[in-house]
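Keep the structure open and follow along.

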Amino acid sequence: MDRPAAEGAVVTSRLTRRQRRRISQGVQYAVFVAVLVVIGVRADWDRLQNQFAQQDLASQLFPDIITMALRNTVVYTVSGFVFGLVLGLVIALMRLSSVAPYRWVASVYIEIFRGLPALLIFIFVGVAVPLAFPGTEIPGGTYGKVALGLGLVAAAYMAETIRAGIQAVPKGQMEAARSLGFSHARAMVSVVIPQAFRIVIPPLTNELVLLFKDSSLVLFLGVTLQERELTKFGRDLASQTANSTPILVAGLCYLLVTVPLSIVVRRLEARADKAR
C-alpha cells in the first residue's frame, strides 16, 4: 500500500462515529443549500409573481373564500368524517364478529372501498345511485352526497384502524367487565371501545386531514356556486381571470387547516408513545 493511501486510511480510522455522522450531515446540508441556490438563481420570479401572486386579485377573493369556500370544505369534511366514523365502527365490529357472514361482508367492503379511487366513489354516488333508485334523493342534497362519498371511502380505512385499536385493548379488560356481570355487548360499549378510541385517536385525526384534502373531489358532483369548496372556488376564479393566484390562495387556505391538524396529530402520537 502506498504511504499516502495508508496515511489516509489511518486518518479515516481515527474519526469517531459521531465525527463521521457530522461530516455526512454537513455534506447533506451543503447539497441542500446548493440546490436551493440553483433554484433561486434559475427561477423566473417575475413571471411566477405575475401568475401566482397578484395582490389586488388575491384581495378580491375575500371574504367569499373564507365565508363560503372554506366553510363548505369544513362542513363537507366533518360530515364525511362523522358518517365514516359511525360506519367504520360498525364494519370493525362486523370484522370481529363470531358470525362468519358478517366477517365476509365487512372484509369485502374494506377490500373494495380501499382499492377503488375516491374519484370513482364520488362518480358512483353522483351517477349510479340516482340511476339505481329512480325518484329517490339523498337527504341533504349536495351535502348529503358529499358526506356519503367521503364517508364510504373513510369508513374502509377507519374500520381497520378501529379494529386494530379494539384488538390492542388487553383481553383482561373484557374478562374483568364480564366478571362484574356485564354482557358482552355492554362490556364492549362501556369498557373496550372507549379504550380503543383512546388508542386510535392519532390515526383517526390523520384520516381527518386526508378527508379535508379529498373534499376537493366535490367538484365532480356538479355543485352550485354557493356550494363550491376551496378547489372549485379557486379553479373557477382562475379561469375567469386567466391567472393562478386564486388557486394559490385556495392552497394556502388548505394549509391553514391541515398544518395545525398535522401538529395535533404529532402531539397526540408523542403523548401516546409517552403513555406506553
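Ala 242 sits in the loop that links helix H11 (230–241) to H12. This is a predicted model. The phi of Ala 242 is near 55°, a positive value in a residue that is not glycine. Most residues other than glycine have a negative phi. Ala 242 counts as exposed, because its relative accessibility is 64% and the cut-off for exposed is over 50%.

Another loop runs between helix H4 (55–60) and H5, and Pro 63 lies in it. The peptide bond from Phe 62 to Pro 63 is cis, with omega near 0°. Most peptide bonds are trans.

Now turn to helix H10, residues 184–214. H10 has 31 residues, but its end C-alpha atoms are only 37 Å apart. A straight helix would reach 45 Å. H10 bends by about 60° at Val 200. A proline, Pro 202, follows within four residues.

Next, the packing. The largest nonpolar core has 45 residues, and Ile 91 and Tyr 109 have the most contacts inside it. Helices H5, H6, H7, H8, H9 and H10 each supply at least two residues of this core. Beyond its neighbours within four places in sequence, Ile 91 is in contact with Ala 106, Tyr 109, Ile 110 and Ala 159. Another core, of 14 residues, lies apart from the largest one. Among its residues are Met 68, Phe 212, Cys 253 and Tyr 254.

Finish on helix H12 (residues 245–275), where Arg 266 is found. Arg 266 is exposed, with a relative accessible area of 52%. The C-alpha atoms of Arg 266 and Leu 87 are separated by 26 Å. Along the chain, these two residues are 179 residues apart.

Note on methods:
Residues are numbered from 1 along each chain as its sequence is written. This is a predicted model: local features need pLDDT of at least 70, side-chain atom pairs count only at pLDDT 80 or more; totals for chains, interfaces and linings use all residues. Side-chain values use heavy atoms; hydrogens and water are left out. The expected span of a helix is 1.5 Å times one less than its number of residues. The bend at a residue is the angle between axes fitted to the seven residues ending there and the seven starting there. Buried means under 20% relative accessible area, exposed over 50%, partly exposed in between (1.4 Å probe, protein chains only). A nonpolar core is a set of buried Ala, Val, Leu, Ile, Met, Phe, Trp, Tyr and Cys residues joined through side-chain atoms within 4.5 Å. Contact means heavy atoms within 4.5 Å.
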